[in-house]
Structure formats: C-alpha cells, structure tokens
Amino acid sequence: MLFEVSPQNKVTIKHITYTCIVRSEITTVHYYKNLQNWMNGSVLSPLAKCLPQLLNENFHTTRWGDLPLWLDCLDNLPNIVGHPINLDSEVQIGNASQLVIPRDEFQKILMKLHPWRKGPFSLFGIEIDSEWRSNLKWDRIADHIHSLENRLVLDVGCGNGYQCWRMLGAGAERVIGIDPSVKFVCQFLALKHFTEDNLPIDVLPIGIQDLPTNLHAFDSVFSMGVLYHRKSPLEHLQQLYNLLRPGGQIVLETLIVEGSNRYSIVPQGRYAKMRNVWFIPSVKTLISWLSRVGFIGVRLVDVSITSNGEQRKTNWMRYQSLEDFIMTDGSGRTLEGYPPPTRGVFIAEVPSQRSK
Ligand SMILES: C[S@@+](CC[C@H](N)C(=O)[O-])C[C@H]1O[C@@H](n2cnc3c(N)ncnc32)[C@H](O)[C@@H]1O
C-alpha cells in the first residue's frame, strides 16, 4: 500500500511521491490508449496532439495530493468478466452474484472515492446512492434532444460521467466527457474498469479551456451545471459553439432566475453556500446570449426547481446538501436570500452554413 507510511520517514515519503508521479503517468497512458488511437486521424486529431501533455499536467500528484490513494483504489478493484451492462434506463454493471470479493470489501474500496455526487450507479449489486439523482436530469432532457445515434458527443463538466453513460446508452457513437476534478474522473475510471477497454466512452481530466479552440467537430455538445461557474458566460457559450460542427446541437442546462431580457444576478459572496457562482440569467437573457454567439432555433425545453428529492445527503455523500443551503421558512430561498434554485434546459443549433 503506497500510503501506509510513517510521516517521520521523510526519505520514504520522497521516494513514494516520485513513484506516484511516474505511476500516474503510466496509468494515464493506460486509461486513454484506445481514445488516443481513435483520435489520431479523426476530426479530433488536434486534441490527440495535445492530450498526452494535458494528462501529465492535470492527472498529477503535484495538483492532486491524494491521487495515489485514488489510483490505489482503482488498482484494488477486482477483475470480473462476462457480466451484463445496462445503460438504457439506468447505469447498471453486473449483478451481485458475479462479485468475486466480499461485498463489504468492494463497498469500502468504492467509498474511498467519497463523495459520490452524481449517480446512481448499480455496480455488482452495490447501489451507489449519490447526492444527486442525476437520472431525473436525464429524464428531463432525453426527449427533447436530437437522437444521439451515431453521433460524436462531448459532455463539458461531466463530473463522474453519469450522463456520459446515459448518452452511450442512447446510441452515441462515441462519448467524451471532460472534467478538471480528478477525483470524479477516478470515479468514472472505477466504473470503466468493469467494461471492455474499447467501449467508446472516456472522461478526460481537463477543463473546457484546455481543449483546442475551433474544433468544429462534435455533433452534440452538452454543458450542464457549468455556465454559472464560469466568470465569462458569453465566452463559455462561444467556446461551446466553436466545438460543434455546422448543424450540431448544444444542450445547455443552468441555473436561471425570473426576470426580463438583460436581467441576470451576480451573487455577491456565496449562492446556496457555493463560492464560485457568477451569472444567473433570466430565460430571455440566456436566449439572447445564445443567439448573440450565433446559435439558431434557441428554445427552452424544461424548467425545474431543485428539490430535496433530487439533491440530498446520502451514505455515499455525507457532507452538507441542498437542505442545508435553503432557508427553513418555507420560501425555498437560498440561505443568502436568493430565489429558490431553479434550472432551465436550453437547446439550439449551429447553422449548417457556419458564418465566419
Ligand atoms: C454542478 S457540476 C455538473 C455535473 C454534471 N454536468 C451534471 O449536470 O450533473 C459542475 C461540474 O463542472 C466542472 N467544471 C468546473 N470548471 C470546469 C471547466 N473549466 N471546464 C469543464 N468543467 C468544469 C466541475 O468539476 C463539476 O464537476
């Protein structure tokens, strides 16, 4: 075990840190070998060129001190073959009778990747009851989007990739998720461990700013729960636009507030205890932003107020959750006095003849 080391033993710690850096590089190459091969010579060849360096920078102990613990967890997963994978109505891999190690041992390994914020996942009979019931979000969008059959799909800010699995289940030819938070990427890799190496689904430990600009490559791009974390929302929308091929579709899910055109709030300090929330626009404002960067056919397809049934504390996410961020007076307002957290889903297309 890499980290059962006494803190007094400085020489060993130095050695182990070095070992882990090398090991994370080896692991990275291993996990993305198939994607890298596929990207060479594809519309994503510009990404293929810069990916090795990005992986080495982001999937690294200097950025994520606990990375060796997470890699250790991935190393300790059992090898099981010949099990079913169901991605149609849920994300279910294998069943309880196929688990080759004791159930509580398996659960302990997975729990080392706590907190599980997105899910649920059913893994060899272990039900990972995540903080968010992300299946509800998928249900709200699935009927409104272009069929994903044979499409190249990007999910920006995908967390541990729950929605990526659902996109693959919906027929996508290949799904690439990106998220700079490496613990979430390791959660994805824990699930991917139990699938064929060449299953066309990957989650990369990078942010949208790391992608080559003007790829014009993806058939569908999803940005869900990301826009309000960006300091410059218009720049984010422009980046999404430039990632899509002519005629491609954007699916944007974000926090919204009631208000007229041009209205948006910029929370002072925190919003529902989150520090990094910048712009929450009205529906009309967001529609005008999307149109301004060039999208056509912009439409709002769903509005929902987040409930305690959708976001809550569970055994798999033991920190505070929605009920701790909302006033107790029944108004539904955030602790800071902002309107109840409400999310809208917007869909739009890049014109088939892209303007320069
Ligand atoms: C609220 S979560 C949304 C997760 C998922 N898309 C969903 O809708 O359930 C926002 C995610 O965006 C990721 N994120 C933050 N900055 C990002 C960036 N610059 N590029 C891509 N993703 C980012 C975070 O790590 C986090 O996992």
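How many bridges join β14 to strand β15 (residues 342-349)? Seven of them do, and the two strands run antiparallel. Strands here are DSSP runs of E with at least two residues, helices are runs of H or I with at least four residues, and both are numbered from the N terminus. Two strands pair if DSSP finds at least two bridges between them.

Before going further, keep in mind that this is a predicted model, in which local features need pLDDT of at least 70, side-chain atom pairs count only at pLDDT 80 or more, and totals for chains, interfaces and linings use all residues. Residues are numbered from 1 along each chain as its sequence is written.

Let us step back to the whole chain. It has 10 helices and 15 strands. Its radius of gyration is 21 Å, close to the 21 Å that the globule rule gives for 356 residues, so the chain is as compact as a globular protein of that length. That radius is taken over C-alpha atoms, and the rule is 2.2 Å times the number of residues to the power 0.38. Of the 356 residues, 38% count as buried. Buried stands for 20 or more other C-beta atoms within 10 Å of a residue's own, exposed for 12 or fewer, and partly exposed for values in between, with C-beta atoms placed from the backbone. Among contacts with a separation of 6 or more, 71% come from residues 24 or more positions apart; a contact needs C-beta atoms, placed from the backbone, within 7 Å.

The pairing of β1 with β2 (residues 92-93) is antiparallel, over two bridges, and Asn86 stands opposite Gln92.

Now for a helix. In α5 (residues 134-142), Ser134, Asn135, Lys137 and Trp138 are buried. Seen down the axis, the buried residues fall within an arc of 155°, so they line one face of α5; the arc is that of the directions from the helix axis to the C-beta atoms. The cover over them includes β3 (118-119), α6 (162-169) and β11 (244-256).

The loop between α5 and β7 (152-156) holds His146. With 14 C-beta neighbours inside 10 Å, His146 counts as partly exposed, and it touches Ser220 and Gln249, leaving aside residues up to four places away in sequence. Asn150 is found in the loop between α5 and β7 too, and its phi is near 60°, a positive value in a residue other than glycine.

Two cis peptide bonds are worth a look: one joins His114 and Pro115, with omega about 5°, and one runs from Gly119 to Pro120, with omega near 5°.

Finally, the ligand is surrounded by 19 residues, the closest being Gly157, Gly159, Gly207, Met224 and Gly225. To count as near, a residue needs its C-beta atom, placed from the backbone, within 6 Å of the molecule. The shell divides into eight nonpolar, eight polar and three charged residues. Here Ala, Val, Leu, Ile, Met, Phe, Trp, Tyr, Cys and Pro count as nonpolar, Asp, Glu, Lys and Arg as charged, and the others, Gly among them, as polar.

Terms used. Two residues are in contact if their C-beta atoms, placed from the backbone, lie within 7 Å.
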